[in-house]
Amino acid sequence: MSLQGSRAQGRITAVLGPTNTGKTHYAIERMLGYRTGIIGLPLRLLAREVYDKIVAARGPSVVALVTGEERIVPPRAQYWVCTVEAMPEGMGCDFLAVDEIQLCADPERGHVFTDRLLRSRGTNETLFLGADTMRGVIAELIPEAQFVRRERMSQLDYAGSRKISRMPARSAVVGFSVDNIYAMAELIRRQKGGAAVVMGALSPRTRNAQVELYQNGDVDYLVATDAIGMGLNLDVKHVAFSSLTKFDGRRMRMLAPNELAQIAGRAGRGMSDGTFGVTGEAEPLDEEVVEAITEHRFTPIRKLNWRNHRLNFGGITPLIESLEAGPTHERLMKAREADDLLALKSMSSDAEVRARASSPTAVRLLWDVCRIPDFRGISHNEHAGLLARIFGFLHESGQVPNEWLATQVKRIDRVDGDIDALSKRLAFIRTWTYVAQRKGWVGDESHWRGETRAVEDRLSDALHARLTQRFVDRRTSVLMRRLKQKEALLAEVSETGEVTVEGEFVGRLEGFRFRQDQDASGQEAKTLRQASIQALVPHFNLRADRFYNAPDTEIDFTEQGGLMWGDQAVGKLVAGAEPMKPQVVAFVDDEAGPDVAQKVQRRLQHFIDRKVAALFEPLLNLSRDEALSGLARGFAFRMVEALGILPRGEVADDVKALDQEARGALRKHGLRFGQYTIFLPLLLKPAPTRLRLVLWSLSKDLQEFPEAPPPGLVTVPAQSEMPQGYYAMAGYRAAGDRAIRIDMLERLADMLRSEDSRGGFEAKADMLSITGMTLDQFADLMQGLGYKAEKGERQKVKPEPLAEAKAPEAAPAAEADAADTPATAEGAEPVEATEAPTEAPVETPAEAEASETVEAAAETPDEAPAEVEMETFFTFTWGGRAARQNRGRRPEGNRAPQGKGNPQLRGDRSKGGKPRGKQGGKPGGKPQGNKAKVFESAPPKKKDRIDPDNPFAAALMGLKDKS
């Protein structure tokens, strides 16, 4: 084979060297020094980048861009920027250059680069740019070629293996499969805030948008395929390989050292040094490989892929034979079957295609159709079927029908779906973009080029948006860029506390603490925190001023000791030196500064001090009364320590030691000496009770504070798991299964004083009323207070109107006797009458029942006896120590009540009847004047003695004096 005949006149120079030597920039400068020129580049993306540079220098009217899917050719085009496959032939330009000439050894595309190396020339100058491994083979194939060696402008070092979390900023992570690219990008998003994605399959519009994310600092990481190794100039400081194998179209294979060097060389552009390494599952590089990359010493390329350019269009078979012809030069080797040749062979088996390809013109058209790239990546047969359809249209009518092409494009023109769906549609539209770019293949070339370009742009924008949405945290990227620029960040806080920084939601401001968005993690969370705190410092100070001047009505405490400003937690209570002097801890972020923390602390302390002073005013007045002395003053301190409530049993001896004068001085402050509890009634209100429980819980160092019972309840269930002392602090006393409010318990105790606690008594309606209990519940309560409760049943007696009418004078007489009966002392025995009253003899219940039964039987001998209605009752007696359920020291109030004896109680009960309460003596008894005769087993007590502990003692004394 003769190579000399293919060469034109002009200087031929091979500019060789490693990456980052400025070879492409040198070629552009050389081309612009001539009137016309062509430069061939390995990637559509790189072609677009170079096109933009030349347009910026000379204007769009003289620069053409020709790729497989894009064709911009102004009428006066002087400079042509093309992909290597799209370089026009026979133009006779002054200058011609081919970049990345080492791709002559590429198994898939190498034959195209080899053809340009051997046959493409500029009339004045030809440049071949690439790796130094091509020196020997170029020198042998093109003896007249001159060589220029260019050295790398920066140092390249190996950094070993690093995790993604330790990857430095401005790094590019390289992978060789879509799944690997997506996985690494997702990992970087979680740990670093996001990454731009660059792949060769992306449209230039999508690629440029993704690169812009990286170049402008929105993200600090780039995830890419080996496309970045083909001349894309990016600001990369570190390149990390996530894999060392790739699929070359036929099989998985390891990357050669020179291929690794081509990619690693993207690190350290210009005069900046760079590093490279591995990450993920990639194994560390061998020392020999590292040395070869850093010193740019690689095995020279021995053979180049070649395919015959002299094609025979006499028929399909001659065309295939010419394509499969082998080289004659030892430095060239036959290229493996490319996609276009596979498509031709597949279509050759179609009878219709063979029939149409009956002339050289038709065969040439068939070959042009076969060169449509398989952008979709489908099977060879499916791709060949589409090509056969297009060939049929072109052969029959000279162009693809508008209706059919419109249907194909419309089916693709959708921007819904995920990244994979959009990527597939982009691949599909590239086929029709390629078809529209071919001269004469469509009816209205301008329309279809614009239409397919518009669809590609829409899909590109949608894909960029999906990539950014999935792999870039926009919020983090914006904040990182502003932080790097060291500019003041603008923060806004809404009425609901939502915080936005530079328009991005970052979290919420709760009081004086920033709660950042919980969705953030890793580096994203750190960035959010840093940006948010920096922007919120002015807001902290403004909010602290507003809080300091806020009224107490806007601040409150919770039952768990929290301090709230509206609905926001701003602090908590902690135990102080004394129960009534709690301290506060303010919830303020450290970043807000000490001034803000101190201001919030002072305001909260003022609030709780005033709250204690207002709600415990009676107790504080008691503690400050200088008039109290001796035992009274000591007892006052006991009350303060107990927060205003003391079970009487705990201080029984102290109470006995108080004389009447001391008690009177204490009562002036509202202190009540109850039978069961000594307390200040004003402190039983809901607000003081709520605060008292909090202060008591703090003093006891409880982990969880028990809450106050709901306001207004007389009794509540008694729970055994409550801390000891809780019910007293809540204003209740536990008795049985329920706890009763201590003020209502004292009212009940007043009622019980008038009952015969030794002889026995029944519950009155008033007792059940004030406790709000059923009879069974009341019985349980009484047992809890130390009483015995004996349950019984009896016939329910209905009132007899007739009997009441026959004895109109008996009731007044009985009432008079009851009113004049003196109160008996504890343990007194009732006097039983010896004569029965003659005015109104009363029939016993048993006699009455028997009489009614006889009369009923006489009147209705055939009827069944009526059902007897029964009722339950309880008889209560003092049980003493054995029956008392309350544990611990016996309360003072659990002594046997000092009540009155009931003369009628025993007589009625001995006959099984219902007690009559205070209605005179037993039937048959004889009245003795206006008073009943009383016998006592203990020394008599004054009947008119008034209990000094009774809260109504003063009023009763006044009534007594009047009488």
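The model is predicted. Its protein chain has 963 residues, and 47% of them are buried. The chain holds 34 helices and 34 strands.

**Whole chain**
- The accessible surface of the protein chain is about 47100 Å². Carbon and sulfur atoms account for 50% of that surface.

**Helices α6 and α16**
- Two packed helices are described by the angle between their axes and the distance between the axes.
- Helix α6 spans residues 204–215, and helix α16 spans residues 445–471.
- Their axes come within 8 Å. They cross at roughly 35 degrees, and the crossing is right-handed.
- On the α6 side, the contact involves Pro204, Arg205, Thr206, Ala209, Gln210 and Leu213.
- On the α16 side, the partners are Glu456, Asp457, Ser460, Asp461, Leu463, His464, Leu467 and Thr468.
- The residues of this α6–α16 contact divide into 5 nonpolar, 5 polar and 4 charged.

**Cysteines**
- A disulfide is a covalent bond between the sulfur atoms of two cysteines.
- With a cut-off of 2.5 Å between cysteine sulfur atoms, the count comes to 0 disulfides.
- Cysteine 104 has 0% relative accessibility, so it counts as buried.
- Cysteine 370 has 1% relative accessibility, so it also counts as buried.
- The cut-off for buried is under 20% relative accessible area.

Note on methods: Residues are numbered from 1 along each chain as its sequence is written. This is a predicted model: local features need pLDDT of at least 70, side-chain atom pairs count only at pLDDT 80 or more; totals for chains, interfaces and linings use all residues. Side-chain values use heavy atoms; hydrogens and water are left out. Helices (H or I, at least four residues) and strands (E, at least two) are DSSP runs, numbered from the N terminus. Buried means under 20% relative accessible area, exposed over 50%, partly exposed in between (1.4 Å probe, protein chains only). Accessible areas come from the Shrake-Rupley method with a 1.4 Å probe; for residues, only the protein chains shown count as cover. Axes are lines fitted to C-alpha atoms, for helices over the stretch in contact, and angles run from 0 to 180 degrees between N-to-C directions. A crossing is left-handed if the near helix is turned anticlockwise from the far one by less than a right angle, and right-handed if clockwise. Contact means heavy atoms within 4.5 Å. Ala, Val, Leu, Ile, Met, Phe, Trp, Tyr, Cys and Pro count as nonpolar, Asp, Glu, Lys and Arg as charged, and the others, Gly among them, as polar.
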